[in-house]
Amino acid sequence: MNRAAVLAANLERVSGEIAAACQAVGRGVDEVTLIAVTKTWPASDIRLLAELGVREFGENREQEASGKADELAGLGLTWHFIGQVQTNKAARIARFADVVHSVDRPRLAQALSRGAVAAERELSCLLQVSLDPSPDSARGGAAPTELGALAATVASLPGLRLAGLMAVAPLDEPPAAAFARLAGYREALLAEFPDARWLSAGMSGDLHEAIAAGATHLRIGSALLGNR
Ligand SMILES: *Cc1c(COP(=O)(O)O)cnc(C)c1O
C-alpha cells in the first residue's frame, strides 16, 4: 500500500475507535478533537492527513514544528505544541503554535506571554499536570498542588488564554486510575475558571480510558502514523 492508503486506513480505524469509546460512555464524537502527533514524520504525511480532513497537528520540538508550520502555512492547520518547552524557546513557539499543552511553570507562562504579545497572537494554554505520585521535573508537568497558582498566573497574562489541563498517563499504573485523578483536578480548576474546559489526555494506547474520563483532545501518534 502507498503512504496515502496506509494513513487513510489508520485514520479510519482510529476514528472508529474514538466513536466506539464515545458511544460507550454516552458522549458525542464532536466533543472530542483528534490531534495527529506527527513528530519525526515528514510534512508530506501532514499534507496527506490534511487531505483526509485532519486539521489539528501536534509536534514536540520547536525547530521541527516551526519548519513544518512554515512549509504548510497555506493549509490553515491548527498547531499544538505538546513537548517540554525550554524557556528560551518560548518566544519562537509563540510565533507558530495555536495551543501549548505543556505549560508547567510560571516562568514559562511569562515567556510565552511575552512572545505572544510580540507576535500579536493569542496562545491557548493547557497546564500540564504530573500524574506521577512523586513528580519528577525531568518529565515535565506541575505538581497537582501547584495548579491553582499556575492557573491564576496564566489567566492574568496578556496574550494567553487559559484553556484547560493536559496530562500523560504514567507507565506504572492503569491509565483509568491516573485519568480519574486528572478528572478531579479538572473539576477543581473549572470551579474557579469555568472557561478552562479542555482536557488533553489520551494517546494511541489509552484513548478509551481518556474519553471515559472526559478528554476533549486526544494526542494520537503511532496509531495514525505507525512506529518508527
Ligand atoms: C508522542 C506523544 C504522543 C503520541 O503518542 P502515541 O503513543 O504515539 O500515540 C502524545 N503525547 C505526547 C506528549 C507525546 O510526546
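This is a predicted model: local features need pLDDT of at least 70, side-chain atom pairs count only at pLDDT 80 or more; totals for chains, interfaces and linings use all residues.
A polar contact is a pair of N or O atoms within 3.5 Å. An oxygen atom of the ligand is 2.7 Å from an N or O atom in the side chain of Lys-39, and an oxygen atom of the ligand lies 2.5 Å from an N or O atom in the side chain of Ser-204. On its own the ligand has 390 Å² of accessible area, and the protein covers 81% of that.

The residues around the ligand include Val-37, Ile-82, Met-166 and Met-203, along with Arg-219, Ile-220 and Gly-221.

Gly-221, which is one of the residues around the ligand, sits in the loop that runs between strand β8 (217–220) and helix α9 (222–225). Is Gly-221 buried or exposed? Its relative accessible area is 14%, and because buried means under 20%, Gly-221 counts as buried.

When neighbours within four places in sequence are left aside, Gly-221 is in contact with Val-37, Ser-204 and Gly-226. Val-37 and Ser-204 are themselves among the residues around the ligand. The C-alpha atoms of Gly-221 and Asp-30, by comparison, are separated by 20 Å, and these two residues are 191 residues apart along the chain.

In soluble globular proteins, nonpolar side chains tend to be buried together. Here the largest nonpolar core has 69 residues, and those with the most contacts inside it are Ile-18, Val-100, Leu-123, Leu-127, Leu-182 and Leu-218. Helix α1 (residues 3–24) gives the most to this core, contributing 6 residues.

Which residues does Ile-18 touch, once its neighbours within four places in sequence are left aside? Ile-18 is in contact with Val-32, Leu-34, Leu-207, Ile-211 and Leu-218, and Leu-218 is also one of the residues with the most contacts inside the core.

## Salt bridges

The count of salt bridges in the model comes to 8. One of them joins Glu-31 to Arg-27, with the closest N and O atoms 3.2 Å apart. Glu-31 is partly exposed at 40% relative accessibility, whereas Arg-27, with a relative accessible area of 16%, is buried.

Another salt bridge pairs Glu-62 with Arg-92, the closest N and O atoms being 3.5 Å apart. This pair links distant parts of the chain, since Glu-62 belongs to helix α3 and Arg-92 to helix α4 (residues 90–96), and the two are 30 residues apart. Glu-62 is buried, with a relative accessible area of 8%, while Arg-92 is partly exposed at 36% relative accessibility. The side chains of Arg-181 and Glu-173 also meet in a salt bridge, at 2.7 Å from N to O, and Arg-181 is partly exposed, with a relative accessible area of 30%.

## Ser-66 in helix α3

Helix α3 (residues 62–71) also holds Ser-66. The relative accessibility of Ser-66 is 18%, so Ser-66 counts as buried. Which backbone oxygen does the side chain of Ser-66 reach? The side chain of Ser-66 reaches that of Gln-63, at 3.3 Å.

Technical notes:
Residues are numbered from 1 along each chain as its sequence is written. Side-chain values use heavy atoms; hydrogens and water are left out. Helices (H or I, at least four residues) and strands (E, at least two) are DSSP runs, numbered from the N terminus. Buried means under 20% relative accessible area, exposed over 50%, partly exposed in between (1.4 Å probe, protein chains only). Contact means heavy atoms within 4.5 Å. A polar contact is a pair of N or O atoms within 3.5 Å; within protein, one must be able to donate a hydrogen and the other to accept it, and residues adjacent in sequence count only if both atoms are side-chain atoms. A nonpolar core is a set of buried Ala, Val, Leu, Ile, Met, Phe, Trp, Tyr and Cys residues joined through side-chain atoms within 4.5 Å. A residue is near a molecule or strand if one of its heavy atoms lies within 4 Å of it. Accessible areas come from the Shrake-Rupley method with a 1.4 Å probe; for residues, only the protein chains shown count as cover. A salt bridge is a side-chain nitrogen of Lys or Arg within 4 Å of a carboxyl oxygen of Asp or Glu.
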